[in-house]
Amino acid sequence: MRIGLLGTGPWAQMVHAPALSAHEGLDFAGVWGRRPAAAEELADRHGTRAYDDADALLAEVDAVAVAVPPDVQADLAVRAAEAGCHLLLDKPVAATVAGARAVARAARQAEVASVVFFTTRFLPEPEAWMAERAAEGGWFTGHAQWLGAVFTGDSPFATPWRREKGALWDVGPHALSVLLPVLGDVRRVSAAGRGPGDTVHVVLDHVGGASSTLTLSLTAPPSAAGAAVEIRGEAGVVRLPESDSDAATAFGRAADALGAAARDGRPHACDAAFGLRVTEVLAEAETLLANGAG
């Protein structure tokens, strides 16, 4: 499968481009970015071609990996789907529900495969854990903490869109991508409140009767940063295991999942429709926060 990369930022440089160029089942066909010089540099580093025109790249590949801010991603993903390209998207799919809905609709109408790269979902140990917990059922409650030090430490990810949207939109998708497969879809966001910096606390009611809480931040002290998920129910207390794999390995597995979905026509669990659902939950929490309901 010939695949192109849209984006040249830190995540594209650290994860997307190295994983695509190392993947034996992919032909890494080119890079486009909003900064042509950065696209040239990244393409040269990985032995591929830089494109000045995104549509020219879309016309020559079977699929695209997207590594741009969510508001930019939504428009590019729609264009890519309309060009017949399978979609390997970043999270969140879009910065608005309308944008995410447009991406999901475009993928469905064009009949292209889509996978959203929620990193934890593609790490081997957490992926197996989620499948086992979902099969067990009987869960009563859960709690997810995703605490980053993006704005309190030295991080290349202190980007404008993260400053604007905060932890809810950056690490909230990770937390939801773990809890929803285990506890079920969200029936409603019942509360949302603010903490220090961009920290937010969110309470969810799930369709199966369980409840969960999220604690999300990009402004935690570096010594307090980290992610943890704990669920409690009839099977006792279980915690999400850590993984020995890195993000590039997870991204390669996401690319494998996209290839499988493109071949057999079966939607992946992390497709654009799931990305839309995550966006809807985030938007509901954002509305509560804006209205001071927390």
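Reply: Start with the largest pocket, whose volume is about 920 Å³. This is a predicted model: local features need pLDDT of at least 70, side-chain atom pairs count only at pLDDT 80 or more, and totals for chains, interfaces and linings use all residues. Residues are numbered from 1 along each chain as its sequence is written, and side-chain values use heavy atoms, with hydrogens and water left out.

How is such a space found? Rolling a probe the size of a water molecule over the atoms shows where empty space is left. Here a pocket is an open set of points on a 1 Å grid over the protein atoms alone, with protein on both sides within 12 Å along at least five of seven lines; a cavity is a set of points where a 1.4 Å probe fits but cannot get out; lining residues have an atom within 4 Å of a point. Grid points are joined across faces, edges and corners, and the volume is the space filled by probe spheres set on the points.

The lining of the largest pocket counts 32 residues. T119, T120, W146, H174 and A227 lie nearest the centre. By class, the lining splits into 17 nonpolar, 8 polar and 7 charged residues. Nonpolar means Ala, Val, Leu, Ile, Met, Phe, Trp, Tyr, Cys and Pro; charged means Asp, Glu, Lys and Arg; the others, Gly among them, are polar.

Which elements supply the lining? α1 (10–22), β7 (139–147), α7 (160–170) and β11 (226–233) each give at least two residues. β11 gives the most, with 4 residues. Helices (H or I, at least four residues) and strands (E, at least two) are DSSP runs, numbered from the N terminus.

Stay with the β11 stretch, residues 226–233. E230 forms a salt bridge with R239, the closest N and O atoms being 2.9 Å apart. A salt bridge is a side-chain nitrogen of Lys or Arg within 4 Å of a carboxyl oxygen of Asp or Glu. E230 is partly exposed at 23% relative accessible area, and R239 is exposed at 51%. Buried means under 20%, exposed over 50%, and partly exposed in between (1.4 Å probe, protein chains only). Salt bridges that share partners also join R101, D185, R277 and E280 into one network. The structure holds 17 salt bridges.

The buried residues of α9 are covered by elements including α1, β4 (63–66), β5 and β6. Those buried residues are A250, F251, G252, A254, A255, A257, L258, G259 and A261. α9 (residues 247–264) has 18 residues. Its span from first C-alpha to last is 26 Å, close to the 26 Å expected at 1.5 Å a residue. The expected span is 1.5 Å times one less than the number of residues. Just after α9, G265 takes a positive phi of about 75°.

The side chains of R253 and E127 meet at 2.9 Å, N to O. This pair links distant parts of the chain: R253 sits in α9 and E127 in helix α6 (residues 124–136), 126 residues apart. R253 counts as partly exposed because its relative accessibility is 28%. E127 is partly exposed too, at 33%.

R188 belongs to strand β8 (residues 186–194) and D205 to strand β9 (residues 200–206), 17 residues apart. R188 is partly exposed at 44%, whereas D205 is buried at 14%.

P92 is in the loop between β5 (86–90) and α5 (97–110). The peptide bond from K91 to P92 is cis, with omega near -15°. T279, in helix α10 (residues 272–290), touches V93, A94, T96, V97, A100 and W169, leaving aside residues up to four places away in sequence. A contact means heavy atoms within 4.5 Å. T279 counts as buried because its relative accessibility is 0%.

Past α5, E111 lies in the loop that runs to β6 (114–117). E111 has a positive phi of about 60° although it is not a glycine. Most residues other than glycine have a negative phi, and most peptide bonds are trans. At 72% relative accessibility, E111 counts as exposed.
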